[in-house]
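Hi there,

Here is the structure I promised to pass on to you. Please have a look at it first, and then read my notes below.

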Amino acid sequence: MGKRSEIKLLGTDASPYVNRVQFVLNLKSIEYEYIEENLACKSELLLKSNPVYKKVPVLLHANKPPLPESLIIIEYLDEIYPDIHPILPSNPLDRADNRFWASYIDNKFFPLFEELRQTPGKEGKEVIKKQIIEGSELLEEAFVKFSNGKAYFGGDDVGYLDVVLGCFIGWTKFFEKHIELKVIDELRTPKLLEWTNRIWSHEAFKNTIPGNETLLDFYMMLQIHKPPRAA
Amino acid sequence: MAKGDVKLLTMWASPFCMRVKVALAEKEIAYEEIEEKDLMNDKSDLLLKSNPVHKQVPVLLHDDKPIAESTNIITYIDQVWSAKPLLPECAYEKSRARFWADYIDRKVHPAGRAIWSSNDKDEVEVAKNNFLDIMKYLDGTLGDKDYFNGDTFGFVDILLIGLTSYFPAYEKFGDFKLEDYYPKLAAWITRSWARETVSESLTNPEKITNFVIMMRKMFGLE
């Protein structure tokens with residue numbers, strides 16, 4: 001198990017990508033030092049640690065050069081601590097399936113939300129909302145396939161896709177409250193709804209998922225620093 | 001090296017298919033190539049069934065089980081056919097390789113496309129400079145090594161070389177030569193193309209440049 005000072009995580013509370021890494025650190029009972037970044041005014045450490053993207057999360061492990069990108073960090077942690085709560089399955093085909101859906105979530109699904117925020121006008125927003133709903137229904141199907149009747153994407157216990165998608169749960173509640181967008185609901189995505197309730201109460205997730213206040217602050221910061229496109 | 005039945009759904013101009021072909025050749029895996037006849041207008045039933053989410057090539061069918069997304073496919077075959085590993089052994093170096101793979105996937109092909117998909121001089125100049133900025137990072141990562149993987153041709157090499165059939169088209173429409181800016185990277189391209197696994201898997205750049213001209217005509221740019 002890593003000593004507290006051996007692993008540092010640069011992050012920001014509201015970032016789902018940072019939260020994912022924290023879930024994995026919690027699941028594997030890895031102690032770490034958390035360094036909160038102000039994304040409106042990035043530190044020297046962050047800019048030096050991730051010069052390519054200048055983004056959080058970044059993992060600093062002992063004397064190794066910094067490692068950015070949440071999915072890459074998660075696979076790294078899974079490889080250096082393979083015996084404690086493995087995150088990815090061991091079978092190559094299952095791994096490929098899991099990675100495919102992680103790629104879908106990160107490259108197709110999540111970007112829709114930023115696109116929604118940036119799109120001006122009601123009509124434009126309705127188009128994006130429709131795509132989000134379609135995406136959530138695809139994810140419902142994926143959940144049914146992966147869980148195979150059990151509680152999580154990973155089966156009896158939390159696995160890779162639970163972590164990759166679970167980081168988003170705070171934001172779904174935020175969108176329901178602030179922009180009347182019900183991403184997950186009892187009619188269209190009943191299994192995912194049950195799953196989100198399990199994730200909210202899971203030991204490794206519940207104290208890490210950010211609350212409404214934190215998300216509101218972050219959303220307002222985005223509105224100021226990356227304002228929506230003009231109509 | 002037979003480990004079940006292997007098929008690859010491809011399209012001749014897709015650089016993402018080319019990469020997978022290089023990886024299969026490097027691992028000496030025998031496979032059947034099934035080319036899509038008309039990817040844009042008339043996708044085959046097999047493709048639509050194998051990749052219902054994205055409906056895109058490449059798709060690997062291993063004993064009829066589909067695996068989609070080129071980087072995902074290459075990672076999969078590296079694990080199943082474990083002789084001559086493409087990724088480094090060390091967990092940290094493996095993660096660095098994945099980081100650069102992800103960077104290449106996100107940046108290179110879209111940046112190249114931006115160079116040829118406009119006739120506006122300023123837009124093309126911006127696109128060219130953006131592309132060269134990306135090449136700068138890759139050149140820096142390569143350093144003085146023969147390959148991104150070190151002494152041996154590996155994962156990151158395969159992912160990037162698969163995209164290079166398009167590079168002469170970028171140079172033509174952006175009016176630049178990569179070797180004038182990043183000679184080490186240009187030398188790596190030449191060195192890699194000298195490998196049979198690469199030259200036999202990648203579509204001839206001239207054919208690709210003609211394909212790009214055809215696409216420009218379609219967009220009303222020629």
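**Helix packing and a cavity**

In chain B, helix H7 (residues 167–174) packs against helix H11 (residues 205–218) at an angle of about 50 degrees, and their axes are 8 Å apart. Helices here are DSSP runs (H or I, at least four residues), numbered from the N terminus; axes are lines fitted to C-alpha atoms over the stretch in contact, with angles from 0 to 180 degrees between N-to-C directions. H7(B) is therefore oblique to H11(B), given that angles under 35 degrees count as roughly parallel, over 145 as roughly antiparallel, 65 to 115 as roughly perpendicular and the rest as oblique. The two cross in a right-handed way (the near helix is turned clockwise from the far one by less than a right angle).

On the H7(B) side the contact (heavy atoms within 4.5 Å) uses B:Pro168, B:Ala169, B:Lys172 and B:Phe173, and on the H11(B) side B:Pro205, B:Thr209, B:Val212, B:Ile213 and B:Arg216. Sorted by class, that is six nonpolar, one polar and two charged residues (Ala, Val, Leu, Ile, Met, Phe, Trp, Tyr, Cys and Pro are nonpolar, Asp, Glu, Lys and Arg charged, and the others, Gly among them, polar).

Before going on: this is a predicted model, where local features need pLDDT of at least 70 and side-chain atom pairs count only at pLDDT 80 or more, while totals for chains, interfaces and linings use all residues. Residues are numbered from 1 along each chain as its sequence is written, chains are lettered from A and ligands numbered from 1 in the order written, and side-chain values use heavy atoms, without hydrogens and water.

Between the chains, helix H4 (residues 92–118) of chain A and helix H3 (residues 70–80) of chain B pack at about 165 degrees, with axes 9 Å apart. That angle is why H4(A) counts as roughly antiparallel to H3(B). Their contact includes A:Arg95 and A:Phe100 of H4(A) and B:Tyr76 of H3(B).

How many cavities of 30 Å³ or more are there? The count is one, and the largest cavity holds about 80 Å³. A cavity is a set of points on a 1 Å grid over the protein atoms alone where a 1.4 Å probe fits but cannot get out, and lining residues have an atom within 4 Å of a point; points are joined across faces, edges and corners, and the volume is the space filled by probe spheres set on them. H8(A) gives the most to this lining, with three residues. The lining has nine nonpolar, three polar and no charged residues, among them A:Phe109 and A:Trp195.

Best wishes

Note on methods. 1 Å grid on protein atoms, 1.4 Å probe; cavity = no way out; pocket = protein on both sides within 12 Å on 5 of 7 lines; lining within 4 Å.
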